[in-house]
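Colleague: I would like to learn how to read the features of a structure. Could we go through them in turn?

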Amino acid sequence: MNNSPLLKIEELRTYFYSRTKQAFIRSVDGVDLEVNKGDTLGIVGESGSGKSVSMLSIMGLIAARPGIITGQVWYQQEQARINLLAGLQDHVQVSKNDGRIMSVEKTDLAWQRRLEKNMLGIRGKEIAMIFQNPKSAMNPFFTIGHQIVENITRHTQYKSRKEAKERALYWLERVKIDSPQLRFYNYPYGLSGGMCQRAMIATALSSEAKLLIADEPTTGLDATIQARIADLLEELRAQTGVTIVLISHDMGVIGRLSNKIAVMYGGRVMESGPAQAVIDHADGKSHPYTEALLKSIPREDNMSSQGHLNSIDGEVLDTINVPRGCRFASRCQRINKSIEKMCLNEEPPLATVSDGHKIRCWHFAGV
């Protein structure tokens with residue numbers, strides 16, 4: 001039996017070039033992650049931490065230059081383990097100075113052709129994605145039913161329109177959308193936010209993908225609908241066994257749905273491990289950033305004495321001007337004299353603090 005992770009990301013870097021500042025935006029800057037079959041991996045962090053760009057990168061959906069520049073993304077198929085970024089390095093030349101990437105030259109057409117070849121039979125079929133804004137992600141000129149049917153005929157064994165329509169209605173029923181027969185003929189703009197999100201989930205699942213990436217699936221919905229979408233994802237995972245990568249800035253949603261969690265900040269993974277270890281930190285070990293995120297969850301025990309919610313002091317890291325030391329150092333409340341010099345001048349490694357639990361902090365570097 002193959003025990004390899006279903007998805008393993010190694011040293012993924014996705015940069016964009018700012019013409020106004022004449023510098024690289026290091027959106028994803030050396031990310032390592034892995035997801036086992038049947039797991040739900042929650043990726044959490046503030047806006048701009050690199051969560052969505054990481055997942056768009058593995059889907060080959062980054063259009064802006066320079067885009068993905070280094071890394072490997074291993075995907076475990078039934079009979080083979082493949083690198084979704086294989087051969088891309090042949091079309092990219094990177095120059096470095098003192099370990100930092102200073103310039104990138106890319107043969108765009110050849111790079112894009114190779115990427116599309118790598119993703120053939122993977123994107124949409126083996127790996128599907130629920131986008132952050134379903135109304136903008138779905139084609140406004142085609143009905144919901146038409147788009148689900150197209151996905152089914154392209155990626156499954158159901159090739160006739162009749163069979164595909166039956167499967168589309170089946171998936172609309174599975175996601176508990178109101179009046180599936182009616183919604184099949186609706187256009188995206190004719191649906192509410194919650195209904196459109198359910199239609200997007202039905203579209204993604206209709207290809208019978210093994211890995212589902214859900215990018216902020218509850219953002220922009222009211223609290224009641226958010227809870228229902230979360231319930232739906234939980235139920236579908238239990239029923240279908242699909243592996244899920246869930247992206248959110250909401251620690252409450254991540255904690256509820258995930259059995260493994262990765263905390264990202266400034267394009268890097270700051271902490272990862274089993275959900276209980278990361279959220280409950282029963283062993284007394286947590287990254288200062290994770291702790292700050294948990295304290296900002298809107299609940300009674302997180303209210304300050306003045307009746308205000310806790311917040312994280314300081315500004316989110318500018319990924320153009322990345323410091324040499326710990327990326328969270330300027331906002332960290334745990335820096336002391338014994339580690340201050342290292343925090344400000346050297347980035348800490350991702351240290352293992354317990355079985356499967358890793359933290360990027362100088363407090364734990366020697367554990």
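Colleague: How exposed is Glu208, and what is its relative accessible area?

Modeller: This is a predicted model, so every value here is computed from predicted atoms. Exposure is judged by relative accessible area: under 20% is buried, over 50% is exposed, and what lies in between is partly exposed. Glu208 has a relative accessible area of 38%, so it is partly exposed.

Colleague: Which side chain does Glu208 meet in a salt bridge?

Modeller: The general idea is that side chains of opposite charge can pair when their charged atoms come close. Here Glu208 meets Arg167 in a salt bridge, at 3.3 Å from N to O. Glu208 sits in the loop between α7 and β9, and Arg167 in helix α5, so the pair ties together parts that are 41 residues apart in sequence. Arg167, at 19% relative accessibility, counts as buried.

Colleague: How many salt bridges does a search of the whole structure find?

Modeller: The search gives 20. Another of them joins the side chains of Arg327 and Glu347, again with a distance given from N to O, 3.3 Å. Arg327 is in the loop between α11 and α12, and Glu347 is in the loop between α12 and β13, so this pair ties together parts that are 20 residues apart in sequence. Arg327 is buried, with a relative accessible area of 5%, while Glu347 is partly exposed at 23%.

Colleague: Which residues are linked with Arg327 and Glu347 in a network of salt bridges?

Modeller: The network also includes Glu11, Arg13, Arg26, Asp29 and Arg268. Glu11 belongs to strand β1, residues 7–18, and is partly exposed, with a relative accessible area of 36%.

Colleague: Where is Ser179 found, and what is its phi?

Modeller: Ser179 is in the loop between α5 and α6. Its phi is positive, about 55°, and it is not a glycine either.

Colleague: Now a charged residue without a partner. What is the nearest side chain of opposite charge to Lys51, and how far away is it?

Modeller: A salt bridge needs the side-chain nitrogen within 4 Å of a carboxyl oxygen. For Lys51, the nearest side chain of opposite charge is Glu216, 4.3 Å away; Lys51 is buried yet has no salt bridge. A polar atom of the Lys51 side chain does lie 3.0 Å from the backbone oxygen of Gly45.

Colleague: Which helix holds Lys51, and how many of its residues are buried?

Modeller: Lys51 is in helix α1, residues 51–58. Of the 8 residues of α1, 7 are buried, so the helix is largely enclosed by the rest of the structure. Just after α1, Gly60 takes a positive phi of about 70°.

Methods
Residues numbered from 1 in each chain as written. Predicted model: local features only at pLDDT ≥ 70, side-chain atom pairs only at ≥ 80, totals over all residues. Heavy atoms only, no water. Helix = DSSP H or I, 4+ residues; strand = E, 2+ residues; numbered from the N terminus. Buried < 20%, exposed > 50% of the residue type's maximum accessible area, 1.4 Å probe, protein only. Lys, Arg positive; Asp, Glu negative; His and termini not counted. Polar contact = N/O pair within 3.5 Å; in protein donor to acceptor, adjacent residues only side chain to side chain.
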